[in-house]
Amino acid sequence: MKIQPSNSNEAIWRDITSQSKIPEQLKTLQEIATNLWWVWNHEGANLFKELDPALWEETQGNPVMLLQRISNKRVEQIVNNQELMDKINRLYAAFKEYVQTEPDRSKPSVAYFSMEYGLTNILKIYSGGLGILAGDYLKEASDSNIDLVAVGFLYRYGYFTQTLAMDGQQIANYEAQDFDKLPITQLYKDNGEPMLLEVPYPGRKVYAHIWKVSIGRVPLYLMDTDIPENSEWDRSITHQLYGGDWENRMKQEYMLGIGGILMLNMLGIHKQVYHCNEGHAALINVQRLLDYIQNYKLGFNEALEVVRASSLYTVHTPVPAGHDYFDEQLFGKYMSEFPPKLGITWQEFIDMGRTNPGSNEKFSMSTFALNTCQEANGVSKLHGKVSQQMFAPVWKGYFPEELHVGYVTNGVHLPTWMAREWKKYFFNTFEPSFLQDQSNPQIWEAVQLAPDNEIWDIRKKLKQRLVEYIKSEYRDNWLKNQGDPSQVVSLLEKIDPNALLVGFGRRFATYKRAHLLFTDLDRLSKIVNNENYPIQFVFTGKAHPADGGGQGLIKHIVEISRRPEFLGKIIFLENYDMRVARRLISGVDVWLNTPTRPLEASGTSGEKAEMNGVLNFSVLDGWWYEGYREGAGWALTDKRTYDNQQYQDQLDAATIYHILENEIIPLYFAKNSKGYSPEWIQYIKNSFCQIAPHYTMKRMLDDYIDRFYTKLATRKEQLTANKFEEARSIAQWKKEVAANWDTFTIEQLLYDDAMRPVVGEDNVVKLVIDRKQLNCMLGVEMVYTRENPDNHKLEFISATPFRLAKEEGSKLYFDLVKKTSEFGHLKVGFRVYPVNDKLPHRMDFAYVRWI
């Protein structure tokens, strides 16, 4: 037998991770690195950068990786550098003083649930605005010393990294995160084994490791199902943010809601208020209901009183189509085991997620959230009104304007998004307590006294930094994607810090209308090629991989940017993330936003720009609807001229060109002998003083505490006192009212349908109701409406309550003296409703009978 010259099986490789040995003197740096406090305290980030500037850039600002990879030689140099060691010790002392501060017990404690968190570019568990907002919220909760815990997912792949093909087509790359190189900590049991969360799914159990992200004083706990204990089918639950099909979305939202509460139970964490950041987290209230029923022997209705009294739902979506809906078959596959445990039928359970109970509608997570949360809010004043319209069908006896749905306008975390140059300048200009009182407009008035040249010097420095960043970060990518090296060199040379820079950065959804600027290319070409008034537009943003329209728009803009007349004048920056955003929102002169009104729920990119002396030019929608001030930015009207969207787009595009040509460009280039425009600087000062303090995350968090958290915590305490005495009482009252609601009769209504009221004169209406078996107080209102001639819908004018004149047995005698105040053709209705001063608002028990 011939001997084979070689014989080898498949190589077996084992993962090992070698890393630098950190001496005891530098162990403090490891502690700081695993707490994201350094993200918004620039002294921390600057110190890590100082340890090894090249390695800091190579790791994209990741201190954990930096400490793992720093050379022994450099470590020895650091330890022997007494000045640097003193700096490290001072930073650690400041860090420890910060994190060891006890929470403010005068404020309610909160559990916060979100699908995504944008905390830092190195932790890819966010996609866009919703996540960035949630991340900012946790940072401000830490700064404001709120007792808050957050729950989410540790995604293996997170959201995609964007590259562009040579033709401008977006390419979505999903890159696995190496958890050992991230500023996160895995939780272990006392015996050294990983803590394992067990979540009952239908027919099986799904397991998750638990990781902790420390955001200053606030813990964020993340669930990770990509572990060997799970099947491949279930490991993918935490693979991608907003990835997969509807069943994967169902599995994710099940894990966030059911699993999230089970995880907090496992960790022994219980809070006063439970906050759903979007409807994705609505199923937390299923598990919370079950906990109260099983642990405290409450009935379903009694448990629902307690759960509702401690729950808040924040909606970020302005249209019904943007919410999550699940087919009954799919929803039943995952949720059918819960109704028997809750003591209700399947029909009763699924109807909690339907606008029309008993119908064949899909299950809406948002409707379920509304039915299990006492409070709900939109994310700007205008979006609050839009949300009332959107959710009105849930409470059919009331008009949108009467609903309890409120609003808190979004804000941004100032220490994260304000450039360090501005922070340093304002610390010297304002009071020392500036950050603690950053939403106080009086503090910001000092900007008006600042020398113009100082404001301009900072703006010039930030613009120069943006230009240098673009040239250094994008040179290689552009050489790879644009084919012609000479064209890339020409493009880089044309990026001019002396030009008026206009930025546009956001998700490329079609309603954002990034195409508006390119409606009339001839006119745009004249604007950008005026040598006396150079202007350049910088675009960036990602389109969802399933959004062909958004991806087509990116490709269209890239194609235009490569035309000779627009080369170096229209620039597209790929892979929009927090690093790009931080440079862009501080480095441009004007921030452009052109959404289709009223589809911008809030928008926060313009608020970030606001914190850096960048002026906003936007449609009056979202936050700008209430933020705009004349002489501090520019606005396109919130009014529609055309129903046809194409015509409206053309008009808005023409308005953009006109404002650029006749207002923005002349103002910017009205420069004095010192090289800047005093009028432009005054706009910046006005913007800082009149707008910035109102759109900080500090103000936003204070609003949530004042408008929602405090009253929820107070009411929950009332309902749970004395072994849930009040919760039981209210549930019993509702049960009796529901059972006898149809029994009361109208004995008399003295109102003349044929009368023609005269404005200014009194009208008297009398009403007698016999409650029969209904053992509760009733209220009556006279409701005035007017028909909208365009859509023939009734529009609410007013609701005036009747006076209870007397009560005799089961009979109630009401009267109303109403002075007519409206002209024209009106519609009048009379509405009866149950009265109980223990209810938070009418929508809590929206029983209505029109008579």
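Ser310 is buried, at 0% relative accessibility; here buried means under 20% relative accessible area, exposed over 50%, and partly exposed in between (1.4 Å probe, protein chains only). Ser310 belongs to the loop between helix 12 (300-309) and strand 10. Helices (H or I, at least four residues) and strands (E, at least two) are DSSP runs, numbered from the N terminus. A polar atom of the Ser310 side chain lies 3.0 Å from the backbone oxygen of Val306. A polar contact is a pair of N or O atoms within 3.5 Å; within protein, one must be able to donate a hydrogen and the other to accept it, and residues adjacent in sequence count only if both atoms are side-chain atoms.

## Basis of the model

This is a predicted model, in which local features need pLDDT of at least 70 and side-chain atom pairs count only at pLDDT 80 or more, while totals for chains, interfaces and linings use all residues. Residues are numbered from 1 along each chain as its sequence is written, and side-chain values use heavy atoms, with hydrogens and water left out.

## Salt bridges

Side chains of opposite charge can pair when their charged atoms come close. The whole structure contains 50 salt bridges, each defined as a side-chain nitrogen of Lys or Arg within 4 Å of a carboxyl oxygen of Asp or Glu. One of them joins Arg105 to Asp147, with an N to O distance of 3.1 Å. Arg105 is in the loop between helix 7 (82-99) and strand 1 (110-113), and Asp147 is in the loop between helix 8 (129-143) and strand 2 (148-153), so this pair ties together parts 42 residues apart in sequence. Arg105 is exposed at 58% relative accessibility, whereas Asp147 is buried at 17%.

A salt bridge also links Asp324 and Arg249, whose closest N and O atoms are 2.9 Å apart. Asp324 sits in the loop between strand 10 (311-314) and strand 11 (325-326), and Arg249 in helix 10 (residues 246-266); the pair links distant parts of the chain, 75 residues apart. Asp324 is buried, with 8% relative accessibility, and Arg249 is buried, with 15%. Glu726 and Lys838 form a salt bridge at 3.8 Å, N to O. Glu726 lies in helix 30 (residues 697-740) and Lys838 in the loop between strand 27 (827-835) and strand 28 (849-850), so parts 112 residues apart in sequence are tied together. Lys838 is partly exposed, with a relative accessible area of 42%. Through shared partners, salt bridges join Glu102, Arg105, Asp147 and Lys271 into one network.

## Charged surface patches

Lys49, Arg420, Lys424 and Lys461 form a positive surface patch. Patches are made of residues with over 30% relative accessible area and no salt bridge, with like charges joined within 9 Å. Lys and Arg count as positive and Asp and Glu as negative, while His and the chain ends are not counted. The place of a charge is taken as NZ of Lys, CZ of Arg, CG of Asp or CD of Glu. Accessible areas come from the Shrake-Rupley method with a 1.4 Å probe; for residues, only the protein chains shown count as cover.

A negative surface patch consists of Glu401, Asp643, Asp790 and Glu795. Asp790 occupies the loop between strand 23 (777-787) and strand 24 (794-801) and is exposed, with 71% relative accessibility.

## Helix 25

Eight of the 10 residues of helix 25 (residues 578-587) are buried, so the helix is mostly covered. The buried residues include Met578, Val580, Leu584 and Ile585. At the start of helix 25, a side-chain oxygen of Asp577 comes to within 3.1 Å of the backbone nitrogen of Arg579.

## Backbone geometry

Arg597 and Pro598 are joined by a cis peptide bond, with omega about 0°. Pro598 is in the loop between strand 18 (590-593) and helix 26 (605-610).

Gln60, a residue other than glycine, has a positive phi near 55°. Gln60 lies in the loop between helix 4 (53-58) and helix 5 (63-69) and is partly exposed, at 42%. Lys723 likewise has a positive phi, near 55°; Lys723 is in helix 30 and is exposed, at 71% relative accessibility.

Methods:
Patches are made of residues with over 30% relative accessible area and no salt bridge: like charges are joined within 9 Å, nonpolar side chains (Val, Leu, Ile, Met, Phe, Trp, Tyr) within 5 Å.
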